[in-house]
Amino acid sequence: RLMFQKNQQSKDSIFFRDGIRQIDFVLSYADDIKKDAELKAERRKEFEKNLRKTGLELEIEDKRDSEDGRTYFVKIHAPWEVLVTYAEVLGIKMPIKESDIPRPKQTPMSYVLGPVSLPTSVKYPHPEYFTAQFSRHRQELFLIEDQATFFPSSSRNRIVYYILSRCPFGIEDGKKRFGIERLLNSNTYSSAYPLHDGQYWKPSEPPNPTNERYILHQNWARFSYFYKEQPLDLIK
């Protein structure tokens, strides 16, 4: 297995420092010297403790490693057991069989439309599948070749955000308080976001997955290609 040295890991990496666990969400916050700093710190401590109780894994980047020297980053990874549990709860559809429906073939008009057409590899970047709502008790029905890549980033992000939005962080004024949105509104955290797969202006480096933002930018997302057809599979 590939292991990263902290001082050698690329800033474009979407993995924990071990180079194995994918970062599914990031929370950030900065040092606070206001009078409610202790309250915010206690909220974060309780919130992160409860996130770990759900099965999520956290890794914190110290402020000394940030560009401004003030910001902490909390990286969140959802392991397999968390993903399969919440994929079932959310009714996420996953592939069970590769589609045998043929894609549209070229027609005489294809040559006329050549200048506005995209390469097949860009227009259809992934195989098409028949899907069904995921069931953790019927995993043998699904096309699970690699647990690390079975759930796409969009599904992983959705699952983690679902947990973040419902995770409690304490009792205040006699009421149970929960959810990342409350913590953002109170500036307990300054931001919460998933990562892009990479920079749009350069291809990704191993072990990062294929950078579809780069492919999109190279083939469509620029003014000089305004006339090109839309690569819907990449845009979504």
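## A guided tour of the predicted model

Begin by selecting lysine 63 and aspartate 31, whose side chains meet in a salt bridge, N to O 2.5 Å (a side-chain nitrogen of Lys or Arg within 4 Å of a carboxyl oxygen of Asp or Glu). Lysine 63 sits in the loop between β2 (57-61) and β3 (71-77), and aspartate 31 in the loop between β1 (25-30) and α1 (37-53), so the pair ties together parts that are 32 residues apart in sequence. Helices (H or I, at least four residues) and strands (E, at least two) are DSSP runs, numbered from the N terminus. Lysine 63 is partly exposed at 25% relative accessibility, and aspartate 31 is partly exposed at 34%. Here buried means under 20% relative accessible area, exposed over 50%, and partly exposed in between (1.4 Å probe, protein chains only).

This is a predicted model, in which local features need pLDDT of at least 70 and side-chain atom pairs count only at pLDDT 80 or more, while totals for chains, interfaces and linings use all residues. Residues are numbered from 1 along each chain as its sequence is written, and side-chain values use heavy atoms, with hydrogens and water left out.

Next, select glutamate 172 and arginine 43, whose side chains form a salt bridge of 2.8 Å, N to O. Glutamate 172 belongs to strand β6 (residues 168-172) and arginine 43 to helix α1, so this pair ties together parts that are 129 residues apart in sequence. Arginine 43 is buried, at a relative accessible area of 13%.

Then display aspartate 62 and arginine 64, a salt bridge in which the closest N and O atoms are 2.9 Å apart. Aspartate 62 is partly exposed, with a relative accessible area of 24%, whereas arginine 64 is exposed, at 71%. The structure holds 15 salt bridges.

Turn now to proline 79, in the loop between β3 and α2. Proline 79 counts as buried, at 17% relative accessibility. Leaving aside its neighbours within four places in sequence, proline 79 is in contact (heavy atoms within 4.5 Å) with Gly55, Leu56 and Glu57. Arginine 21 is 58 residues from proline 79 in sequence, and their C-alpha atoms are 8.0 Å apart in space.

Continue to helix α2 (residues 80-90), and show helix α6 (residues 153-164) with it: the two pack at an angle of about 85°, with their axes 10 Å apart. That makes α2 roughly perpendicular to α6. Axes are lines fitted to C-alpha atoms, for helices over the stretch in contact, and angles run from 0 to 180 degrees between N-to-C directions; those under 35 degrees count as roughly parallel, over 145 as roughly antiparallel, 65 to 115 as roughly perpendicular and the rest as oblique.

Which residues make the contact between α2 and α6? On α2 they are Val82, Leu83, Tyr86, Ala87, Val89 and Leu90, and on α6 they are Arg156, Arg158, Ile159, Tyr162 and Ile163. The buried residues of α2 include Trp80 and Val84, and their cover includes α5 (147-150) and α6. Glycine 91 follows α2 and has a positive phi, near 65°.

Finally, select isoleucine 101, in the loop between β4 (93-98) and α3 (108-112). Isoleucine 101 is exposed, with a relative accessible area of 53%.
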